[in-house]
Amino acid sequence: MMRKFEIILLLFFFFSASSSAQTKIANDPSRIGVGARILGMGKGYVGLADDLCGIFLNPASLPSIKSWQATSMSGKFINEYDYVNLGTAFPTGVGVVGIGYVGSSIGFVAPAATTELVDGIRIIPSTTEGVSFGFNDRVVLLSWGVGGERLSAGATLKLFSMDLSGPGIVNGTARGNEVDLGVHLQPSDAYKIGLVLQNALP
């Protein structure tokens, strides 16, 4: 019975991944700041998935947590974007619950783009003054994982928000949500298998 369940899960993920293959444009800050350990491993973590950082990459890792855990990280990406990462996870009577936050932001000053019309000719005056712009991108992650040592599954609801501010920008905000689905298999003590379907919603 267990073998059939594992095969069904594998087929589900392979067919879901192939059927949802399409061009998408999305800015997901959780793909940048996911924890120092994961970045040090080159993000080769989906199969290992043994701590709360699975909130960001494979929520099926959460059932391996036996007590409360927390993580945080902050830094600069390509010396321009500030980012911060916070996360916590704790066991409950119905699985393990995880909460995460990832935010990135950048601010910059651009030359003032003022023009004036003189005798029918548009003049762009030379000026040293500038105007400030800012961009913030945030995601809150709500994760849940259930299962045992050999087989576990999990899901993460991602709540996105972003805003762009500066002169001439009106209603520069956006909201959205997505879901990640993951499964973690350990057929023997020798190896582990992890599968994750990121941004599964149409």
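Visitor: Hi! Is Ser165 buried, partly exposed or exposed, and why?
Guide: In this predicted model, Ser165 has a relative accessible area of 38%. Buried would need under 20% and exposed over 50%, so a value in between counts as partly exposed.

Visitor: Where is Ser165 found?
Guide: Ser165 is part of strand S7.

Visitor: And what does Ser165 touch, leaving out residues up to four places away in sequence?
Guide: With those set aside, Ser165 touches Ser132, Phe133 and Gly134. There is also Phe135, which is 30 residues from Ser165 in sequence, while their C-alpha atoms are 6.5 Å apart in space.

Visitor: Let's step back. How many helices and strands are in the chain?
Guide: The chain has three helices and nine strands. Reading from the N terminus, the order is α-α-α-β-β-β-β-β-β-β-β-β.

Visitor: What share of the residues is buried?
Guide: Of the 202 residues in the chain, 34% are buried.

Visitor: OK, the inside. Which residues of the largest nonpolar core touch the most other members?
Guide: That core has 16 residues, and the ones touching the most other members are Ile38, Phe56, Leu62, Ile65, Ala89 and Leu141. Helix H3 (54-57), strand S3 (95-111) and strand S6 (130-147) each supply at least two core residues. H3 gives the most, with three.

Visitor: Why would nonpolar side chains be buried together?
Guide: In soluble globular proteins, that is what nonpolar side chains tend to do.

Visitor: What does Ala89 touch, again without residues up to four places away in sequence?
Guide: Its contacts include Leu52, Leu62, Ile65 and Trp68. Ala89 also touches Ser67, Gln69, Val96, Val97 and Gly98.

Visitor: Which residues form the nonpolar patch on the surface?
Guide: Trp68, Phe90, Ile99, Val140, Leu142, Leu157 and Leu159 form it, and together they have about 590 Å² of accessible area.

Visitor: Where does Ile99 lie?
Guide: Ile99 lies in strand S3. With a relative accessible area of 38%, Ile99 is partly exposed.

Visitor: New topic: how many salt bridges does the structure hold?
Guide: There are four salt bridges. One of them joins Asp82 and Lys76, whose closest N and O atoms are 2.8 Å apart. Asp82 is partly exposed at 35% relative accessibility, and Lys76 is partly exposed too, at 48%.

Visitor: What about Asp163, what is its salt bridge partner?
Guide: Asp163 pairs with Arg138, and their closest N and O atoms are 2.8 Å apart. Asp163 lies in strand S7 and Arg138 in strand S6, so the pair ties together parts that are 25 residues apart in sequence.

Visitor: And which residue forms a salt bridge with Arg150?
Guide: That is Asp189, with the closest N and O atoms 3.2 Å apart. Arg150 sits in the loop between S6 and S7, and Asp189 in the loop between S8 and S9, so this pair links parts that are 39 residues apart in sequence. Arg150 is partly exposed at 39% relative accessibility, whereas Asp189 is exposed at 68%.

Visitor: You mentioned S8 and S9. Do they run parallel or antiparallel?
Guide: Strand S8 (residues 173-188) and strand S9 (residues 191-197) run antiparallel, joined by six bridges. They form a hairpin with two residues between them.

Visitor: Which residue in S9 stands opposite Gly182?
Guide: Val196 does.

Conventions: Residues are numbered from 1 along each chain as its sequence is written. This is a predicted model: local features need pLDDT of at least 70, side-chain atom pairs count only at pLDDT 80 or more; totals for chains, interfaces and linings use all residues. Side-chain values use heavy atoms; hydrogens and water are left out. A nonpolar core is a set of buried Ala, Val, Leu, Ile, Met, Phe, Trp, Tyr and Cys residues joined through side-chain atoms within 4.5 Å. Buried means under 20% relative accessible area, exposed over 50%, partly exposed in between (1.4 Å probe, protein chains only). Helices (H or I, at least four residues) and strands (E, at least two) are DSSP runs, numbered from the N terminus. Contact means heavy atoms within 4.5 Å. Patches are made of residues with over 30% relative accessible area and no salt bridge: like charges are joined within 9 Å, nonpolar side chains (Val, Leu, Ile, Met, Phe, Trp, Tyr) within 5 Å. Accessible areas come from the Shrake-Rupley method with a 1.4 Å probe; for residues, only the protein chains shown count as cover. A salt bridge is a side-chain nitrogen of Lys or Arg within 4 Å of a carboxyl oxygen of Asp or Glu. Two strands pair if DSSP finds at least two bridges between them.
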